[in-house]
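Work through the exercises below with the sequence and the structure open beside you. Try each task before reading its solution.

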Amino acid sequence: MAQHAELALPEGYQLLDYRIVRSLSSGGFSSVYLANDENESPVAIKEYLPNGLVVRSENLEVQANSPENLPPFRHGMKCFFEEGRTLAQINHPNVVRVENFFRANETVYLVMRYMRGRTLDFHIRANKQHFTESFMRRLFLSLLNGLREVHTHKLLHLDIKPANIYVTMDATPVLLDFGSARMTLNQDRPQLVPMYTKGFAAPEQYRGMTDLGPWTDIYSVGATMYASLSGTPPQGADMREKEDQLKPAVEAWRGKFSLQLLSTIDQCLQLNPLDRPQSVFALQKALLEQGAEVPERPSILNSLRRGFGRLGGR
C-alpha cells in the first residue's frame, strides 16, 4: 500500500464543502484544522486520526497500519462518530459547538464553530499566577454551566484541564476536546479506555475505568483550579495514593484567597470519590457561597484583553 508521508491533510485540500487552511494541532486520537466553509466562514475541523494506529494512503484515505490495529481503529472511529452525534445535540455557550459531522477518507470528521481566543493554559502561564478570587469564581461557575449540560446528556468529559478550556475574547470559557469523552454515564462496561492527563485525572481513572461519574470530572475541575493558582499541575493522583505530597490549597494560599474557595478546591481534589461534590450543581452551589473577604488584586480581565490586543486571536 502506497503511503503519504504526512498524516495531516494538506493546505488547500477540499473536504466536501470545506477547504483546509492549515493544521492547528495534532496528537492522541485526532488532528484539528482551520478551514473555510462554502461561505468562506472559518470553522475548526477535527479528524479522527489515532496516532500509532493509522497511515494515510496516497489518495489521503486513513487506514489501519496493521491487521491487529484494525479492530481498535474501527471501534475508536465508531465512538468518535457517536461522540459527534451526541455533541451536535448540545448547544451551550460554554461547550464547543459541533455544527456537522460526517464520514470521508475512511475516517470521521467533526466540524466545530471556530472561536478566537486563547486556552486557559496560555493565560495561566501569561499571568504568572495573578488570578483574582472574583475571576476564579466567575470563570469556573460559567465553565460548570457547560459541564452540567454535558452531564445532562449522559456524557463525561474525562480530560478537563487548562489546555482543554478555551477563553474567548470576551472572557467566556468554553470546554474543548472531547476526545476522551468515550464513556457515557449509562454504560456499565466501557469498551474504549479514554486518554487522561497526569495531574488532572482522578484516581479512579487509573483503576480500569470503573466507578466513573460526575465526581470524576469534578476532580479534574478542582485540579484545574489548583493549577490556576499554582501555575503547575498538582501531583498526579496515582502518586498521591502512594504518598500524598500535595499541599492543600487552604495552606498554600491562606490569606490570599478566602478559606471557603480554597476548601472547595481541596474538596474537589479528595482521593475518595465520595468525599468530593457529587454533582456539578453541588460544586456550583459551593462556588456561589461567599467566604471571608480577601484583598482583591487588579482584575486580570483587562490583562486578558490586552493580551488579545497584542497577540490577536488564535
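**Exercise 1. Find what share of the contacts with a separation of 6 or more joins residues 24 or more positions apart, and describe the protein as a whole.**

Solution. Residues 24 or more positions apart make up 64% of the contacts in the protein with a separation of 6 or more, where contact means heavy atoms within 4.5 Å. The model is predicted, so to speak of local features a pLDDT of at least 70 is needed, side-chain atom pairs count only at pLDDT 80 or more, and totals for chains, interfaces and linings use all residues. Residues are numbered from 1 along each chain as its sequence is written, and side-chain values use heavy atoms, with hydrogens and water left out.

Next, count the elements: the protein has nine helices and eleven strands. These are DSSP runs numbered from the N terminus, helices being H or I with at least four residues and strands E with at least two. Last, of the 314 residues, 53% count as buried (under 20% relative accessible area; exposed is over 50%, partly exposed in between, with a 1.4 Å probe and protein chains only).

**Exercise 2. Describe how H7 packs against H8.**

Solution. Step one is the geometry. Helix H7 (residues 259-268) and helix H8 (residues 280-288) pack at an angle of about 160 degrees, and their axes are 9 Å apart. Axes are lines fitted to C-alpha atoms, for helices over the stretch in contact, and angles run from 0 to 180 degrees between N-to-C directions. H7 is therefore roughly antiparallel to H8 (angles over 145 degrees; under 35 is roughly parallel, 65 to 115 roughly perpendicular, the rest oblique).

Step two is the residues. Gln260, Leu261, Thr264 and Cys268 in H7 meet Leu283, Ala286 and Leu287 in H8. The residues of this contact divide into five nonpolar, two polar and no charged. Here Ala, Val, Leu, Ile, Met, Phe, Trp, Tyr, Cys and Pro count as nonpolar, Asp, Glu, Lys and Arg as charged, and the others, Gly among them, as polar.

**Exercise 3. Classify the aromatic pairs of tyrosine 18 with phenylalanine 102 and of tyrosine 226 with tryptophan 253.**

Solution. Begin with the total: a search of the whole structure finds seven aromatic pairs. Rings of Phe, Tyr and Trp (its six-membered ring) pair if their centres lie within 6.5 Å; planes under 30 degrees apart are stacked, over 60 edge-to-face and the rest tilted.

The pair of tyrosine 18 and phenylalanine 102 is stacked, at 6.1 Å centre to centre and 0 degrees between the planes. Tyrosine 18 lies in strand S2 (residues 18-27) and phenylalanine 102 in strand S7 (residues 98-104), so the pair ties together parts 84 residues apart in sequence. Tyrosine 18 is buried at 11% relative accessibility, and phenylalanine 102 is buried at 8%.

Tyrosine 226 and tryptophan 253 form an edge-to-face pair, 5.0 Å centre to centre with 75 degrees between the planes. Tyrosine 226 lies in helix H4 (residues 214-230) and tryptophan 253 in the loop between helix H6 (249-252) and H7, so this pair ties together parts 27 residues apart in sequence. Both tyrosine 226 and tryptophan 253 are buried.

**Exercise 4. Is isoleucine 218 buried or exposed, and what is it in contact with?**

Solution. First, locate isoleucine 218 in helix H4. Its relative accessibility is 0%, so isoleucine 218 counts as buried. Then list contacts, leaving aside neighbours within four places in sequence: Cys268, Pro277, Gln278, Ser279, Val280 and Leu283.
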